Amino acid sequence: MAAPGLRLGAERLFEMPAVLERLSRSNSTSQAFAEVLRLPKQQLRKLLYPLQEVERFLAPDGRQNLHLRIFDPSPEDIARADNVFTATERNRIDYVSSAVRIDHAPDLPRPEVCFIGRSNVGKSSLIKALFSLAPEVEVRVSKKPGHTKKMNFFKVGKHFTVVDMPGYGYRAPEDFVDMVETYLKERRNLKRTFLLVDSVVGIQKTDNIAIEMCEEFALPYVIVLTKIDKSSKGHLLKQVLQIQKFVNTKTQGCFPQLFPVSAVTFSGIHLLRCFIASITGNLD
């Protein structure tokens, strides 16, 4: 099911150069996204819709269980979402505070989304990429696994809040389960949990802890495949098919479509921004 307020037909728009040209010249389109729209068609598709690249390597009968276009926004919608993530005087994007317990978390009435994943899955790097249009926002990234020890809250204007959760697994905080479980159960304005999975290694045993929590609490969540720049096309295709089968057969609350991303090449970042803007009611 498509998200409300979105104009479908990314494929049709790619076949309409005039639409892309109009977008690239629009005053409402950020300069950064205008540059993106000038990329050759194949590069543009790979950057904006990386999952659809997988489609080219599948036989027709292998596509039926791979949900490629449930969320299929147009470049115009993606441009609108990029504006939501662009820091301006009227749209302040800031770090708010950190907390180790839910009762220490800031009381923010706006919709909230959180990011969770194994240590070293690239969570902080992904959030930094999402906030690349707000360069003054400091998202600390470390090469050492388990760097994030607290829940870090970032506000995106008056639109929504993004929460960077501590990683689980190696060097996870001792009170990780209590901290995260309580947050997931009690945070009333939580709209979606983004569960990050390393595309190189796939779903690991420790990932099942987070999946089981989301399923047990009947929370809507999304699987985001990170580090796709480190996977060959064949390996990425294999992981996508395996994880898609897992989502189709083993989950109830997971959004059917996967979101492959790279914080290095920015592939999939614009689409993920658009999905966040949509589910928080900012593309209506």
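Helix H7 (residues 123-130) packs against helix H11 (residues 269-279) at an angle of about 80°, and their axes lie 10 Å apart. That makes H7 roughly perpendicular to H11, a label for angles of 65 to 115 degrees. This is a predicted model, in which local features need pLDDT of at least 70, side-chain atom pairs count only at pLDDT 80 or more, and totals for chains, interfaces and linings use all residues. Residues are numbered from 1 along each chain as its sequence is written, and side-chain values use heavy atoms, leaving out hydrogens and water.

**Where H7 meets H11**

- From H7, Leu126, Ala129 and Leu130 meet Ile269, Leu272, Arg273 and Ile276 of H11, where contact means heavy atoms within 4.5 Å.
- The residues of this contact divide into 6 nonpolar, no polar and 1 charged.
- Helices here are DSSP runs of H or I with at least four residues, strands are runs of E with at least two, and both are numbered from the N terminus.
- Each helix axis is a line fitted to C-alpha atoms over the stretch in contact, and angles between N-to-C directions run from 0 to 180 degrees.

**Aromatic pairs**

- The whole structure holds 11 aromatic pairs, meaning rings of Phe, Tyr and Trp (its six-membered ring) with centres within 6.5 Å.
- Phe115 and Phe194 are stacked (planes under 30 degrees apart), because their ring centres are 4.9 Å apart and their planes meet at 15°.
- Phe115 belongs to strand E2 (residues 112-117) and Phe194 to strand E5 (residues 190-198), so this pair ties together parts 79 residues apart in sequence.
- Phe115 counts as buried at 0% relative accessibility, and Phe194 is buried with a relative accessible area of 0%; buried means under 20% (1.4 Å probe, protein chains only).
- Phe255 sits in the loop between helix H10 (233-250) and strand E7 (259-260), while Phe275 is in helix H11, so the pair ties together parts 20 residues apart in sequence.
- Phe255 is buried at 14%, and Phe275 is buried at 2%.
- Ring pairs link Phe71, Phe115, Phe194, Phe255, Phe259 and Phe275 into a cluster.

**Confidence**

- The protein averages a pLDDT of 85, and 81% of the residues score at least 70; pLDDT is the predictor's confidence in each residue, from 0 to 100.
- Where pLDDT is low, the predicted coordinates should not be read in detail.

Technical notes: Parallel < 35°, antiparallel > 145°, perpendicular 65-115°, else oblique. Nonpolar A, V, L, I, M, F, W, Y, C, P; charged D, E, K, R; others polar. Phe/Tyr/Trp six-rings, centres within 6.5 Å; stacked < 30°, edge-to-face > 60°. Buried < 20%, exposed > 50% of the residue type's maximum accessible area, 1.4 Å probe, protein only.
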